Amino acid sequence: MPIELTQVDHAPLMHGYTWKVANEQLLAELIAHVALGQARHVRKILLKVGSALPSPVDNVWTNAAELLTVPVGADPWHRDGWMFQVMSWLAAQKAKPNSPINMPHMIHAQKGFDGIQLDLDATDTVTAVVIFEDKATINPRETIHDEVWPEFKKFEAGTYMSVLVAETIGLLEKRHGIDVDDVVQKIVWNEARHFRVSITVGDSHSTDAGRRRLFKDYDSIAPGANVGRRRGETFYVADLRAWMDGLANKCLAHIAAVKAASV
């Protein structure tokens, strides 16, 4: 697994993990294969229930390269945001490998949830629906305050309930032994809707005190005694745009190598 997780606990405000990239080349290769439409196979490898990736089908090379390329004169935020969503997906599976999770989006800035994961107990009963917000930004506190908290308030008010129910049912369709109606009823109950913010940070938010400043007000946005409702994940990177450029170039080089080998 290319991402290492270190647990942090700032109860009652929030809990979660910090991320560290342990193998940048492997991370680039996994992101490249997700871009090639092979997320399901990547997940099998992570869960150690599969050992090899199949050859890409049809002409997927162009679409994969587009996901990882910033058009001339365009802003890199969409590309970087997509790569960070894939990183979040990988980190979420490392933290809870047996929890159902939706696949990464395959379109930049696609509408909908950044991610949905179901928490299961020892009896395989769904105990929570975890809603993701993933942000690759150089302004983490402003992004959380101005973009993430307003969205979470809407979830708490039930604004996206029908979409959340539909997404959850989709995750459960191929899962045997789970009472879908029971899960839907739990979603209606606020305490079963959990939240997970994943965000890039610099020096000012990389310490315990910095994370408390970063996630200030989380316990009022998603209230309740259960700190499990409030997950916060941070990835420290000193120069975000330069690092993302380098990672994207490694992804593109791996796609080119896979294409050459498939000819």
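In the predicted model, strand β4 (residues 126-135) and strand β5 run parallel and are joined by seven bridges. Within this pairing, Ile131 has Phe195 of β5 as its bridge partner. Strand β5 is also paired with strand β6 (residues 230-236), again in the parallel sense and over seven bridges, and here Phe195 stands opposite Arg230 of β6.

Strand β5 comprises residues 193-201, and nine of its nine residues are buried, so the strand is largely enclosed by the rest of the structure. From β5, Arg193, Phe195, Val197, Ile199 and Val201 point one way, whereas His194, Arg196, Ser198 and Thr200 point the other way, and the residues of both groups are all buried.

Turning to the chain as a whole, 10 helices and six strands are present. The radius of gyration is 18 Å, close to the 18 Å that the globule rule gives for 263 residues, so the chain is as compact as a globular protein of that length. The C-alpha trace spans about 55 × 45 × 30 Å along its principal axes. Of the 263 residues, 48% are buried, and among the contacts with a separation of 6 or more, 68% are accounted for by residues 24 or more positions apart.

The accessible surface of the chain comes to about 12,500 Å², and 53% of this area belongs to carbon and sulfur atoms. The chain carries 28 positive and 32 negative charges, the mean positions of which are 2 Å apart.

Conventions:
Residues numbered from 1 in each chain as written. Predicted model: local features only at pLDDT ≥ 70, side-chain atom pairs only at ≥ 80, totals over all residues. Heavy atoms only, no water. Helix = DSSP H or I, 4+ residues; strand = E, 2+ residues; numbered from the N terminus. Rg over C-alpha atoms; globule rule 2.2 N^0.38 Å. Buried < 20%, exposed > 50% of the residue type's maximum accessible area, 1.4 Å probe, protein only. Contact = heavy atoms within 4.5 Å. Areas by Shrake-Rupley, 256 points an atom, 1.4 Å probe, with all protein chains shown as cover. Lys, Arg positive; Asp, Glu negative; His and termini not counted. Charge placed at Lys NZ, Arg CZ, Asp CG, Glu CD. Pairing = 2+ DSSP bridges.
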